[in-house]
Amino acid sequence: MTGAPARCGSSPPPMRMPAASRRSARTGRPTACRLVRRGPRRSRKRLFSVAHLLLPYILAAQAQKHVTHNEALRLLDGRVQLSVLDRDLTAPPGSPADGDRYIVGSGATGDWAGWDLNVALWTDGAWLRLPPRPGWRAWVEAEVPLLVYDGAG
């Protein structure tokens with residue numbers, strides 16, 4: 001079968017490929033068929049997380065699945081039924097309690113530097129940044145209004 005291109009099952013008539021492309025780059029052996037990715041590429045983040053809450057998937061061959069599961073639970077705890085203590089702080093409070101959430105004010109400093117208008121969640125002894133998405137609603141306990149994030153800030 002010299003010069004004949006490889007076929008994959010009942011695929012359409014094969015295209016002629018140069019001899020170099022009919023051999024595996026890794027082993028150098030002839031290949032029977034080549035997989036071709038068709039359609040638009042999805043972002044890497046989209047492949048490994050759900051669309052709206054951006055919770056991570058547990059992958060089939062993943063080691064330490066409990067780490068990913070715990071991360072997803074932590075994110076759910078911070079995002080669902082969002083109620084924040086304040087929305088004007090620009091620096092983290094001195095002694096936050098586990099589960100405290102704040103909307104970071106503009107011009108933030110310290111651990112919150114660069115987190116303007118994001119939700120800051122104190123969990124497991126550290127601050128976790130939760131970037132808002134359009135449509136998120138938050139109850140501000142200090143002021144009693146219900147805020148809706150529109151994506152514009």
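How much accessible surface does the protein chain have, and what percentage of it belongs to carbon and sulfur atoms? The accessible surface comes to about 10,900 Å², and 55% of that belongs to carbon and sulfur atoms; accessible areas come from the Shrake-Rupley method with a 1.4 Å probe, and for residues only the protein chains shown count as cover.

Before you start clicking, note that this is a predicted model, in which local features need pLDDT of at least 70, side-chain atom pairs count only at pLDDT 80 or more, and totals for chains, interfaces and linings use all residues. Residues are numbered from 1 along each chain as its sequence is written, and side-chain values use heavy atoms, with hydrogens and water left out.

**Stop 1: the whole chain**

Show the protein chain as a cartoon and look for two helices and six strands. Starting at the N terminus, the elements run α-α-β-β-β-β-β-β. Helices (H or I, at least four residues) and strands (E, at least two) are DSSP runs, numbered from the N terminus. Of the 153 residues, 25% count as buried; buried means under 20% relative accessible area, exposed over 50%, and partly exposed in between (1.4 Å probe, protein chains only). Among contacts (heavy atoms within 4.5 Å) between residues at least 6 apart in sequence, 27% join residues at least 24 apart.

**Stop 2: the loop between the helices**

Now select Tyr57, found in the loop between helix H1 (44–47) and helix H2 (65–79). Tyr57 has a relative accessible area of 40%, so it is partly exposed.

Leaving aside residues up to four places away in sequence, Gln62 touches Tyr57 and Thr68. With Thr68, the side chains form a polar contact of 2.3 Å. The side chain of Gln62 also reaches the backbone nitrogen of Leu59 at 3.0 Å. A polar contact is a pair of N or O atoms within 3.5 Å; within protein, one must be able to donate a hydrogen and the other to accept it, and residues adjacent in sequence count only if both atoms are side-chain atoms.

**Stop 3: the sheet**

Which strands form the open sheet, and in what order? Three strands are ordered E1-E5-E6, with mixed pairing. Strand E1 (83–84) and strand E6 (146–148) stand at the edges with a single partner strand each, so one side of each has no neighbour in the sheet. Two strands pair if DSSP finds at least two bridges between them. E1 and strand E5 (residues 137–140) run parallel, joined by two bridges. Select Ser83 to see one: its bridge partner in E5 is Trp139.

Move on to Pro145, in the loop between E5 and E6. Pro145 touches Ala138, Trp139 and Val140, not counting residues up to four places away in sequence. Its relative accessible area is 24%, so Pro145 counts as partly exposed.

**Stop 4: two positive phi angles**

Finish with Leu117, in the loop between strand E2 (101–103) and strand E3 (119–123). Leu117 is not a glycine, yet it has a positive phi of about 65°. Then select Asp124, in the loop between E3 and strand E4 (126–130). Asp124, not a glycine either, has a positive phi of about 55°.
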